[in-house]
Amino acid sequence: MTAGVTVHEAVDQEMVRGFHRDGFVVVGDVLSAPEVAAVLAETERLCAGELGRIAGADTAPAGLSGDELLRQFLCIHQPHKVSSLVREVMSAPRVITALTKIIGPNIKAMQSMVFIKASGKPGQPWHQDEFFIPTRDRSLTAAWIALDDVTVDNGCLWVLPGSHRRGVLYPDRVQDHPDFDCSIEAYDFPYEDQDAVPVEMPAGSAVIFNGYLLHRSLKNSGRDGFRRALVNHYMSAESLLPWGQVPEGVHVAKHDHRDVVLVAGTDPYAYKGLADLTSAHTRPDKDGGCDR
Ligand SMILES: O=C(O)CCC(=O)C(=O)O
């Protein structure tokens, strides 16, 4: 330990060093057991449509409840748009403490996703989150919070340690592997599947990872049960966010998606106001085919 540095500071420095070296870090106990139970109950309410419309959920058969209902959903995007609880969890103190050490004092969130992934449901192939959510300063960072104990068997996240460091976005292509959902996959990167490590964690823990880190998840091959996770995406509030539909007449480099939630510090662009641009929606499940 460096002289004049407290134990807490030394632990933080080690966490930040690990994040920059590997592209990810696991933080334990970001949610307590009762908090996890509350988010799981909220997930059921989301699926039942009790919190507001979830676009795409209308295809679930009526009258289902409990596990039968949950099995109809692979993932719900932007649940924070209808759930004040999910919005609150975006600011979970242990996540924000870690993020401020990694990103800086001013942080905004632009995306939430709740994965439900019942047994037999597919994972998501190799990808880098910055391919989908581009920031100008490469500050995109995910907090993937386990809501069940996540294991290789039930389809935990896998990461390629250090794959963020080159700062390259690899090419992506359509894939139709039976173990993956309809998402496109990154390819032609200098890593092998054997280099990947599984991120197994107890419920309530989070893996925080860099937007350039290659990661994927495999099918839930458990005999029953779910592999649920709440994933929130954050970035530095100083950076513009050229994400989503670019309004007519605005150059893409000046585009700034303002459907964001400030979770730490101050927003230098507060003068622009906020916008309501996204809404809660389901991710297509392969059972229904991929819409290509
Ligand atoms: O949880 C999963 O199965 C995939 C999540 C993921 O890759 C992501 O949040 O970027």
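Where is R223 found?

1. R223 is found in the loop between β10 and β11; helices (H or I, at least four residues) and strands (E, at least two) are DSSP runs, numbered from the N terminus. R223 is exposed, because 9 other C-beta atoms lie within 10 Å. The scale is this: a residue is buried if 20 or more other C-beta atoms lie within 10 Å of its own, exposed if 12 or fewer, and partly exposed in between, with C-beta atoms placed from the backbone. R223 and A118 are 105 residues apart in sequence, yet 9.5 Å apart in space, C-alpha to C-alpha.

2. Basis of the note. The model is predicted: local features need pLDDT of at least 70 and side-chain atom pairs count only at pLDDT 80 or more, while totals for chains, interfaces and linings use all residues. Residue numbers start from 1 along each chain as its sequence is written.

3. Overall form. The protein has six helices and 13 strands. Its radius of gyration is 19 Å, which agrees with the value near 19 Å for a compact globule of 292 residues; the radius is taken over C-alpha atoms, and the globule rule is 2.2 Å times the number of residues to the power 0.38. Along the principal axes, the C-alpha atoms fill a box of roughly 60 × 45 × 45 Å. Of the 292 residues, 40% are buried. Among contacts between residues at least 6 apart in sequence, 83% join residues at least 24 apart; a contact means that the two C-beta atoms, placed from the backbone, lie within 7 Å.

4. Strand β3. This strand covers residues 107-115, and eight of its nine residues are buried, so β3 is largely enclosed by the rest of the structure. Strands count as paired if DSSP finds at least two bridges between them. β3 runs antiparallel to β11, with eight bridges joining the two. Antiparallel pairing over three bridges also links β3 to strand β2 (residues 75-77), and to strand β12 (residues 261-264). M113 stands opposite H77 and also opposite V231 in β11. K108 has L262 in β12 as its bridge partner.

5. Strand β9. All five residues of β9 (residues 206-210) are buried. A206, I208 and N210 point one way, V207 and F209 the other. In a regular strand the side chains alternate between the two faces of the sheet. β9 pairs antiparallel with β4 over five bridges, T141 standing opposite N210. Strand β1 (residues 24-27) is joined to β9 by four bridges, again antiparallel, and F24 stands opposite F209.

6. Nonpolar core. The largest nonpolar core has 68 residues, and I145 and I208 have the most contacts inside it. Such a core is a set of buried Ala, Val, Leu, Ile, Met, Phe, Trp, Tyr and Cys residues joined through C-beta atoms within 7 Å. Ligand shell. The residues around the ligand are F115, G123, Q124, D129, A142, W144, L157, H215, S217, A229 and V231; a residue is near if its C-beta atom, placed from the backbone, lies within 6 Å. The shell divides into six nonpolar, four polar and one charged. Ala, Val, Leu, Ile, Met, Phe, Trp, Tyr, Cys and Pro count as nonpolar, Asp, Glu, Lys and Arg as charged, and the others, Gly among them, as polar. β4 (141-146), β10 (215-217) and β11 (229-236) each supply at least two residues of the shell.
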